[in-house]
Structure formats: structure tokens, C-alpha cells
Amino acid sequence: MTEYLFSSESVSEGHPDKVADQISDAVLDTILTQDPQAKVACETVLAKNLVVVGGEFKTDAEFNIPGIVRSTLKDIGYTDMSSGIDCHECEIKISISKQSANINAGVDREDGEVGAGDQGMMFGYAVNETPEMMPLAISLAHKLVMKQSEVRKSGAVSWLGPDAKSQVTVRYRGDKPVEVTTVVLSTQHLPSVHNGEIRDTCISQIIEKVIPADMRSKDIKYLINPAGRFEFGGPQTDTGLTGRKIIVDTYGGSCPHGGGAFSGKDPTKVDRSAAYMARYVAKNIVAAGLAERCTLQLAYAIGIVDPVSVMVCLHGTGNVDDQHIEEAIKQIFTLKPRGIIEALKLRQPIYQKTAAYGHFGRELPTFTWERVDKVAELKHYFNIT
């Protein structure tokens, strides 16, 4: 039986790219709270004590971008330059323009439908490796940086900083994960703590709390801050940019990616909404027992209502024919932008929570695309009891 290793990474909420995502989505949420029909494309760049927010908006909502930026930075833990950026004193620059009238005409169509906000292809994925139907490596990588944030914010480990990265390598035998062979955890820390304490604490308080004992290889490797010291983090050492962690946001490289980022975009942008729908469809297919693994591709053209293509791949694990699954998807799920927005309730201010620790595999009430409420309908379609 073929064996191979597969790795996925995640980053903490304090990683500069994720800070940028959270600011962009915080702006989006603020606007949607007042104007659910708003059109928003918000981008953020962070550098040393500098935040730049730009974008194209169509809304009458009132919002204070500097206030949103400073509040988001403070909540993450960036309260002075020693932490990585000073939420109180950092320079903030803003460049906002109106959404193109040409684009808006394609989205808010005269027939009342919502046209796709852009062209592109989006992928959804689900696999029965974990209870949340996510690949094991990305699931564990997210949980590691979530645990780092938890022990940092609770004060249990007072010398941790906001900036951190994780990476998990899993050994597969055939198509099944059998053990974790390597864990990488890089975390910002105070200058006063020595490497031995960092290593021991990260292993006992973070890694061993997340990686199940029965999944650890007998010779598992723990690489803690493998470059050495990590005293300086955040935007003072690394620029951040909205949409630069698209593989972290999705499936850790376990399936293709269309290239479109999510954060800062209202749901008329199919880069975001159709990717959520593709996950919803794929997860329900796996939850219904129709396949052990499912990849779904949707593709759209700007201003057009229906997808230009729908493709499903069950990777040889399906109990029904792939083509029949495609027919069932078109019958059971709505794939038009308006239908997606309404079915998944996407005009709500729910997006800042998506902007760290992955958009998929998290059972939050507002993450409607994680529901498995179409299982019975799928089983009935295929006469499965």
C-alpha cells in the first residue's frame, strides 16, 4: 500500500496577513450592519507602524475606518511597538472609491437577479478524515495556533506574542491518515524567556493538548521556533496583505484553489460566496455517505447568473456516479448568486470571525455553509435509506 507524507500550515490571528484580513472583514461587517445590500471590496496593507486601507464601495453606511483599525489591532494584542504595531499611535492611510458603475450594472441586474461580481472558479472540498470533514493536517494546524492564542490571551503563558505559525505533517497509508510525523510551531515571545522554556511550554501546553496521543508517531519531531529566536513579530518585521493566505483559509493544499481571496468582499463576489456554497455542497455529499471525499468546482462569468460550469470529483470513493451527483447538485442546491446569498444568509455581519483560523471546518452558528441539512434530500434522491 502506498505511503506518503502531506503537510499543511496555519497562522495565528496576529500574523500580519491575517491582521490585514481581519481589518478588511471588520470594515465589511461594520458596513453590512447598517446596509446589508452594500457592495464592498476592501483591501488592507500593514507595514512598520503603518496601516493602509483601500477599496471600492457602494453604500450609504457611515463608518470610521481608523476606529475599526485601532479596535481590531487592540483586540488581537497589538497595543505597542514592542508587540509588533501600536494600535494607538500607528499611521493610518485610507483610499476609498465608488464601485464601478459598469460592474454594478452587471451585479444589480435589471431583471432583479444578482449577477456574479466577477469571473473565476471556486472549489469546495470535504473528506471524512475528521468529524468536521476537513483534511487532518489543516485541521490540526488551525487548532495549534488557536491553542496558542487561547493560552496567550488567558494569561496562562504570559510571554507569548500575537504572531505565530504552525505546520503539521501527516503520514498517509493509501488514502487514510495514520500518524503525525512532524509538528512545526513558531511563536513570537518576550526577550526574557529562554529557548528551553519556550520549547517545553509549547510542547506541553499547546502541541500535546492538540495532537492526539494515538496519532503521534513514535519518533515524532517537534520543531519549535526552528530559526532560533522570535522576539520581534507582527507588522514591524513582516508586511501584511489581505488575501495572501488563501490556502490557510481553505483546505491546506488538499484540493485545487481558484486563486480568489475571501476577506473584505461582500457576498455578491462569487470568489467568496460560491466558495462557501461549494464547501456546503461537498460537505453534504460526504455527510450523506455518497462518497468519502468530494471536490466540487464552480465557475462564473461576471454579470451572468448561472455558473458556466459545475464539476464534481469523488476521487474514486463514490457510491454513485460522478455525473449523477452533478445532476443531483443542480436539482437540490441553488447555485445562482442570489440563491447562494439567501440560502446561506450571507448579508449579515458574520465575516470577521472567518478571517483567522480558516473559513471551513468550524462549527459556528453563523458559518451556515458548515450545515449538513441536505443529507436527507440527497439520500432520497439516490434512494438510499
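Tutor: At 14% relative accessibility, aspartate 271 counts as buried, where buried means under 20% relative accessible area, exposed over 50% and partly exposed in between, with a 1.4 Å probe and protein chains only. This is a predicted model, in which local features need pLDDT of at least 70 and side-chain atom pairs count only at pLDDT 80 or more, while totals for chains, interfaces and linings use all residues. Residues are numbered from 1 along each chain as its sequence is written, and side-chain values use heavy atoms, with hydrogens and water left out.

Student: Which helix does aspartate 271 lie in, and what does its side chain make a polar contact with?

Tutor: Aspartate 271 lies in helix α7, helices (H or I, at least four residues) and strands (E, at least two) being DSSP runs numbered from the N terminus. Its side chain makes a polar contact with the side chain of lysine 265 at 2.8 Å; such a contact is a pair of N or O atoms within 3.5 Å, and within protein one must be able to donate a hydrogen and the other to accept it, with residues adjacent in sequence counting only if both atoms are side-chain atoms.

Student: Switching to salt bridges, how many does a search of the whole structure find?

Tutor: The search finds 23, a salt bridge being a side-chain nitrogen of Lys or Arg within 4 Å of a carboxyl oxygen of Asp or Glu. One of the salt bridges joins aspartate 17 and lysine 245, with the closest N and O atoms 2.7 Å apart. Because aspartate 17 lies in helix α1 and lysine 245 in the loop between β11 and α6, this pair ties together parts that are 228 residues apart in sequence.

Student: Is aspartate 17 buried or exposed, and which residues are linked with Glu179 in a network?

Tutor: Aspartate 17 is buried, at 2% relative accessibility, and lysine 245 is buried too, at 14%. Glu179 is linked with Glu3, Arg171 and Arg173 in a network of salt bridges; between glutamate 179 and arginine 171, the closest N and O atoms are 2.8 Å apart, and arginine 171 is partly exposed at 24%.

Student: And the strands, in which sense do β9 and β10 pair?

Tutor: Strand β9 (residues 176-189) pairs with strand β10 (residues 216-224) in the parallel sense over five bridges, where pairing requires that DSSP finds at least two bridges between the strands. Within this pairing, threonine 182 stands opposite lysine 221 in β10.
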